[in-house]
Amino acid sequence: MGRKQSWIELKNNTIIKHLHSSLFTDGVTGIDKNLVVFWNAENLTYPHQLNITIEFLNDMYKAYISKTKDDSRTRLCFRQELKQKIKQYSTFIEEGNLRIEKINDMRYSMKIELNHSLKLSNSTFETTTIKESDDNSFSKRNNLENKEYYEGRKKEVRLLNRIRNRAARDECLRISEGKCYVCGFDFGETYGNIGKGFLEVHHKKPLNQYNDCHPITLDKLCAVCSNCHRMIHRTKEPMDVEEFKLFVQNKKNNNKQFAEAYEPWSAVYEACPNANKTIYTNGAKIIKALFQATTDEEEKRRLAELAIELQDKRIEYFGNDPKYPTAYILGEKGLAYLDFWGSEKIEEAHECLRQSVQQRGDKSKIIVLVKLVETSYEMYKMNPGLYETEFLADYHLARKYLETIATNPSNKNAESAKEQKQYVDEIFENSGISSK
């Protein structure tokens, strides 16, 4: 880990870098000069900082870009909460990569990819492969197709190992009848004889929570497939197997229910579009679930078009609803454009969001206020001359209503509005308009 580090630029606004110990000890890693523009830090000077948000393990964390005193080096610095979060990796890293994807100028997604890592904790030793990079462009873009990699180096490790009871294990596997306790997967049915009985035994109470040798009964064990077993142990403390089983079953049921619900829902939607507004709220959930589940591009496009049509028809038949009028539905339509079409129809999304906020004011959903600023900023970056005035107006409009919500103690969304107001302020600050 003491070797020279460098960032590699991949496709789709993504960069990757070999892990370095300073990331875990100090929460700091250097940025190559040629990639300063990736962080929008080309004009940054000491002692100023560029605040950013990083998505990591499904949570949001604060970080910033800074320069050294002589302005010769640029650094990515994690704030305390993210520093603590990534320290869990520091004790078992052999080798891996830091992968960062740019979402927008203020927000990034981060993954730590560990290759052939060793984990030593609580007198237990296990070798695990967490994730390996699957981006072929890593080699293609850097002419590394023929680069040789070396492995197989011997390493002596001293450890204490907990001894499992083979008889208890075998009996647990026997009574499982070859099916995973959590998801019901049967290796034998899928792979034939070679897959029969290919399950792992999970201890509902981890062995490292016992002081020494102890009696065990079969109700303390369960046979699970390798996927479920890894997921159970994915968190810092193993998940409760019953809760995890319920989660998996609910997920399966939801996907199945959405698929089964589409045909009867579609029939009602086509025949009686003015019957009830739940046709539209339930329809939006069904369409989104099916869109996320399919990999067929033609089907995705059909569902994306249907999602927008759904909001138009809701306006036509229920636009006068006192609680959720046309202005509210326009906000939902703007969000649907972003969910299903992304940047392809960002101008259409922005127009719906803008009209919604102008009419709803401080009754707007917080996500609608934030997305108004984000889409306006993206359009401004595409054409500053055309969209600067509009971006300024959208920022001040959304900020005003976020401020109103944030300062109302009786509003249940006050705390969220306060956080998002800070976020849109950071977008505006980093746009550079305020310094003109």
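Analyst: What follows covers the cavities, then the cysteines. This is a predicted model, where local features need pLDDT of at least 70, side-chain atom pairs count only at pLDDT 80 or more, and totals for chains, interfaces and linings use all residues. Residues are numbered from 1 along each chain as its sequence is written, and side-chain values use heavy atoms, with hydrogens and water left out.

User: How many cavities of 30 Å³ or more are there?

Analyst: The count is 2. A cavity here is a set of points on a 1 Å grid over the protein atoms alone where a 1.4 Å probe fits but cannot get out.

User: What space lies in the largest cavity?

Analyst: About 50 Å³, where a volume is the space filled by probe spheres set on the points.

User: Which residues line the largest cavity?

Analyst: Lining residues have an atom within 4 Å of a point. Here they are A327, Y328, G331, E332, S356, R360, S364, K365 and V368. Helix 10 supplies the largest share, 4 residues. Helix 10 (326-341) and helix 11 (346-360) each give at least two; helices are DSSP runs (H or I, at least four residues), numbered from the N terminus.

User: New topic. How many disulfides does the structure hold?

Analyst: It holds 0 disulfides, a disulfide being a pair of cysteine sulfur atoms within 2.5 Å. For C222, the nearest cysteine sulfur is that of C172, 6.5 Å away.

User: Is C222 buried or exposed?

Analyst: C222 counts as buried (under 20% relative accessible area, with a 1.4 Å probe and protein chains only), because its relative accessibility is 4%. C272, at 36%, counts as partly exposed, meaning between the buried cut-off and the exposed one of over 50%.

How values were computed: 1 Å grid on protein atoms, 1.4 Å probe; cavity = no way out; pocket = protein on both sides within 12 Å on 5 of 7 lines; lining within 4 Å.
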